[in-house]
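The sequence and the model come first, and my entries follow.

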Amino acid sequence: MTMAHQPGHPEDRFILHWLDDSRSQRILWLLEILQLDYEVKIYLRHPETWRGPVQLFDAHPTGKAPVLEIIFGDGRPSMKLAESGFIMQYLLRFYDPNYILNPTELGQQLEVDYWLHYSEGSLQHLSITLLINSVARHIAPFGLKGMAKLVTKGLNNGYYIHEWRLCMQYLDDRLAQNGTGFFVGNKLTAADVMLSFPIFENVFDNLDGVREITHDKRDLRKVWPNLAKWSRMIKNIPSYKKVNQMMDEEVEDLIALNPKFDYVKQT
């Protein structure tokens, strides 16, 4: 991949390869906040296995979402970016000249970079592992479902739940220390956008699911009150509500057309 180290062109366009219930929504939200010229190509998960379709491999060799395609307005060859943190860093660097989501102060810029990496490097893999382990018994071969349940429950209780709770407490403490209601500075930044998926969407917008996975009957809104308050703030931001409503409608319209996706990659 050849990087284009030039400021964004006013006529640049973006195509977001978007998968339902995925980290793609954060990139869409960022594009909307920055008021960039984007379109969305929708891919739907398998309703039972929860896997993305084979068609995503046409967007990127990993077959994962999000993938952001940039069509440059000055005639340069188009470019595809993958990995949520990298996509956000690129957009902040070249398409946020007015510092809408990136602070003007260098120290706070580094804080934003930190949270972009923390979200994917320390936090998200714990959430994904807990989710996978919670459904393992349902997809295990017949006769092994009991064993799968026993093994995954042991892994979750012995390691993953503990580590996930440490991360959540750390995040709650950081919000308390900052004291502004945001993770960096005193306004919404890309750090909040990035963390919206693992904190709000995975946890506080899915409390029943988290309770089932962790077997923790406590009210997590009281356990981590700063994260709960932050999540309510995220939920009510107009641009966030706009992109969620838009994609709910787009997905509903697409499903009505009975789209044909393939879910097994041929090797």
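Helices (H or I, at least four residues) and strands (E, at least two) are DSSP runs, numbered from the N terminus. I also noted that this is a predicted model, in which local features need pLDDT of at least 70 and side-chain atom pairs count only at pLDDT 80 or more, while totals for chains, interfaces and linings use all residues. Residues are numbered from 1 along each chain as its sequence is written, and side-chain values use heavy atoms, with hydrogens and water left out.

**Entry 1: the sheet**

I looked up how the strands are arranged, and found four of them in an open sheet with mixed pairing, in the order β2-β1-β3-β4. The edges are β2 (38-43) and β4 (79-82), each of which pairs on one side only. From one strand to the next the twist averages 20°, where axes are lines fitted to C-alpha atoms, for helices over the stretch in contact, and angles run from 0 to 180 degrees between N-to-C directions.

I then followed β1 to its partners. β1 (residues 13-19) and β3 (residues 67-71) run antiparallel and are joined by five bridges; F14 stands opposite I70 of β3, and H17 has V67 of β3 as its bridge partner. With β2, strand β1 runs parallel, through six bridges, and here W18 is partnered by I42 of β2. As a reminder to myself, strands of a sheet pair through backbone hydrogen bonds, either parallel or antiparallel.

Which strands does helix α1 touch? Helix α1 (residues 24-33) packs on the sheet and touches β1, β2 and β3, with its direction at about 155° to that of β1; contact here means heavy atoms within 4.5 Å. Helix α3 (residues 84-95) lies across β1, β3 and β4, and runs at about 125° to β4.

For burial I used relative accessible area (buried under 20%, exposed over 50%, partly exposed in between, with a 1.4 Å probe and protein chains only). Helix α1 is largely enclosed by the rest of the structure, because 10 of its 10 residues are buried, including W29 and E32. Strand β1 is mostly covered too, with six of its seven residues buried.

**Entry 2: R45**

I found R45 in the loop between β2 and α2 (56-59). Leaving aside neighbours within four places in sequence, the contacts of R45 include L19, W50 and Y263.

**Entry 3: salt bridges**

I noted that the structure holds nine salt bridges. In one of them the side chains of D74 and R76 meet at 2.9 Å, N to O; D74 is partly exposed at 37%, whereas R76 is buried at 19%.

D216 forms a salt bridge with R165, with the closest N and O atoms 3.1 Å apart. D216 lies in the loop between α7 (207-214) and α8 (220-223) and R165 in helix α5 (residues 145-178), so the pair ties together parts that are 51 residues apart in sequence. D216 also forms a salt bridge with R218, at 2.8 Å between the closest N and O atoms. R23, R26 and E120 are linked in a network of salt bridges.

Most residues other than glycine have a negative phi, and most peptide bonds are trans. I found a cis peptide bond between A65 and P66, with omega about 10°, and P66 lies in the loop between α2 and β3. Q35, in the loop between α1 and β2, has a positive phi near 55° and is exposed at 60%. E83, in the loop between β4 and α3, has a positive phi of about 75° and is exposed at 58%.

Conventions. Pairing = 2+ DSSP bridges. Salt bridge = Lys/Arg side-chain N within 4 Å of Asp/Glu carboxyl O.
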